[in-house]
Amino acid sequence: MRRISRPAVLLPREKIDPYFSLVALLIRPSKRPDGELVFRDLSKNKAVLSTFGDAKISTARTEFRDSTILMDGAGDYITAPNSSAYPPGAGDFTVETIQYSTDAGASQRCFMDVRANSTSGTGFFLREDSNGFIFGKASSAIVSTASGRIANKIQHIAVSRTASVFYMHVDGALKASVTDAQQFLDQNMLISGFCNNVASPFTFLGNIGQYRYTVGIGRYGSADFTPPSYFPLR
């Protein structure tokens, strides 16, 4: 009996990130069983991450390429140890996330926070409010948008600085820009899903698909772009 060979199924190759060597933090859960409490930093820094609350990996959101980090808005967050790789100084950088917020209310939910505390210091934060998104330093906003936030929808949020100009994009559309050359020097732990040292920690409610923090390049400028559906691993 002659055997009929089946054609090989070719999986799509992942894109290559030309700036991968500058990535200081990359969190991208792979497809694992629900409830697995292991998160890895896939950047060159390989930071050891710690999980708090009941943040867990979930495969329930099939819209994402990979699994997601599920946070219930009640004290779930992930930390990385202090590192000199995090502060960009006065240089270029990009902080971005692919997320699915299920909070349709007015709560202020955090994505990233590198502040020593919420009122002083030289670290940054990125969070959402009832309608838009805010990036700032200490307790002050630097660049923000009063619109663009949509609950129960996958969104890509990015803040880049290039040559002292900040650009905030939501789903690839430029929402705001401002010139600001101040320095960011804090080396405190990077906090994902939680605002640091505040009375109301504003923990995230929903699914975080991926985080990427790049130091040394502003990936997105004044032009609109097609937002990435995932962040490459190399």
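**Close-up views of a predicted model**

Tyr86 and Tyr213 are both buried (under 20% relative accessible area with a 1.4 Å probe, protein chains only; exposed is over 50%, partly exposed in between). This is a predicted model, in which local features need pLDDT of at least 70 and side-chain atom pairs count only at pLDDT 80 or more, while totals for chains, interfaces and linings use all residues. Residues are numbered from 1 along each chain as its sequence is written, and side-chain values use heavy atoms, with hydrogens and water left out.

**View 1. The aromatic pair Tyr86 and Tyr213.** The structure holds 16 aromatic pairs (Phe, Tyr or six-membered Trp rings with centres within 6.5 Å; planes under 30 degrees apart are stacked, over 60 edge-to-face, the rest tilted). The ring centres of Tyr86 and Tyr213 are 6.4 Å apart and the planes stand at 40 degrees, so this pair is tilted. Tyr86 sits in the loop between β5 (77–79) and β6 (93–101) and Tyr213 in strand β15, so the pair ties together parts 127 residues apart in sequence. Strands are DSSP E runs of at least two residues, numbered from the N terminus.

**View 2. The largest nonpolar core.** This core has 36 residues, and Val95, Phe135 and Tyr213 have the most contacts inside it. A nonpolar core joins buried Ala, Val, Leu, Ile, Met, Phe, Trp, Tyr and Cys residues through side-chain atoms within 4.5 Å. Strand β15 (residues 205–215) gives the largest share, four residues. A second, separate core of eight residues includes Phe20, Leu26, Leu42 and Tyr100.

**View 3. Around Val95.** Leaving out residues up to four places away in sequence, Val95 touches Met112, Phe124, Leu126, Phe135, Ile157, Ala158, Val159, Arg212 and Tyr213. Contact means heavy atoms within 4.5 Å.

**View 4. Ser164, a positive phi in a loop.** Ser164 is not a glycine, yet its phi is about 75 degrees. The residue is in the loop between β11 (154–162) and β12 (165–170). Ser164 is partly exposed, with a relative accessible area of 22%.

**View 5. Asp171, a positive phi in a loop.** Asp171, also a residue other than glycine, has a positive phi near 55 degrees. Asp171 lies in the loop between β12 and β13 (173–179). Its relative accessible area is 26%, so Asp171 is partly exposed.
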